[in-house]
Structure formats: structure tokens, C-alpha cells
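Me: I've got a model open here. Can you walk me through it?
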Amino acid sequence: MIFNKNTAKKTAEVLLQVKAIKLSPQEPFTWASGWKSPIYCDNRIILSFPTIRNYVRETMAKHIEEQYGKPDAIAGVATGAIGIGMLVAEYLGLPFIYVRPDAKGHGRKNQIEGFIESGQNVVVVEDLISTGKSSLNAVKALRDAGVKVKGMVAIFTYGFKVATENFENENVFLRTLGNYDTLLEKALETNYITEKELQTLSAWNANPSEWNAI
């Protein structure tokens, strides 16, 4: 699912550096889904650090060209991936569009914002993959509009089994810059977490919906 191990290591390093990923096994976060989690990821913070955002932009753009070839446009998933998606599109010299979770209830009632024609192809950019449902919702909207989705690229994935199954079921090819396992390796290597915290974080990832802090 990751592009390669070196990219995953570097991505883990920069995400930890700017605290885009926060690890807190002792005081878990509560996700919107109600899940208790010892990790919280907010990749939008990358946009506030020029050197880091340029690394993500250029690395993602290069991997897109290598993996998918040059699409007709880049599509960002609202709202988290609008910023990085636009930067990637700019770097590649491509049009940019973004996809809302739902169609607007007023005006033109768009779900897809920007210009794209039926039959054109896109690569979808996402900031974070958890279960994959919101990401695949964007893919469905694009396909319903007659747009061909070549695949999806994301900054980071938690690596949940349910996400892998969801992407396979919808026949969507996904690649990410970083992943959970590599993040934990880097966090342990840099003493960001202890061996005991590593065990907690690994146990959560194996069964996030049922996990409770000990």
C-alpha cells in the first residue's frame, strides 16, 4: 500500500516533527465515530510548514506520475485534502477539482467543485485513510459524473483491515506515502514512544473499534 519504505520512513519523520501526528496512549483521543484512540492525525498542519509541505507535494506528485502517469486532473477530497491536492496539481501543471462529502443544498448544488468533463481521468488525493468510507464516497461521486478514477494517493494510512477490504471491494487502487507500522518504528527509534507504549499502540491498531485504554 505504501510507495516504498524509504518514503514511508521520511514521511513518518516529518509528520512527527511538526506534530501532525500526536501519540497519547495514556490519554486517548475520542474520534467522531466514538472510537477511543491513542493516536490522532491532522495532516492539515503540514500546510503551515513550507519545507514539509514542499516535501509532501513533490514526493506525492512524483509518485503519482510514476504509478499512474499524468492524469487529466487532480481531485482533492474535502476538506482535509483540498490544500495538499491543489499544491500537487500546481506542481504537475494540472487542473484541480475537489469533492464535497455531499452535494450543496443551495446554488448549483454541486458535489464536485471545479471543471471536469465526463470521460476525463483523475487521481484522487487524500490526506488520511482510516476506514476509507469518506474517501470512497468521493470516488463514487466522480464515477457517477462519468469521470475515470485512475487511483488514489494519500499522505498516511492507519492500515486497518477494513480499509483494505473497502478499497478492494470498490476496485480502487490506493498508495500512500506513509503508514502506521513505519510510524511506530520511527517513533520508537527516536524515543518518541516507549516499548510499553508501542505495545498499546499496536493492540489498538489490531482492533480499534473495541479497544479501551488500560
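Reply: Strands here are DSSP E runs of at least two residues, helices are H or I runs of at least four, both numbered from the N terminus. It's a predicted model, where local features need pLDDT of at least 70, side-chain atom pairs count only at pLDDT 80 or more, and totals for chains, interfaces and linings use all residues. Residues are numbered from 1 along each chain as its sequence is written, and side-chain values use heavy atoms, leaving out hydrogens and water.

Me: Which residue in β8 is the bridge partner of A73?
Reply: That's V122.

Me: And what order do the strands of the open sheet come in?
Reply: Six strands go β7-β6-β5-β8-β9-β10, with mixed pairing; two strands pair if DSSP finds at least two bridges between them. β7 (112-113) and β10 (174-179) each have a single partner strand, so one side of each has no neighbour in the sheet.

Me: New topic: what does L142 touch?
Reply: Skipping residues up to four places away in sequence, L142 touches A75, I97, V99, I112, V122, V124, V147 and V149. Contact means heavy atoms within 4.5 Å.

Me: What about N179, buried or exposed?
Reply: Buried, at 18% relative accessible area; buried means under 20%, exposed over 50%, partly exposed in between, with a 1.4 Å probe and protein chains only. N179 is in strand β10.

Me: Which residues is N179 in contact with?
Reply: Apart from neighbours within four places in sequence, I2, A8, F156 and T157.
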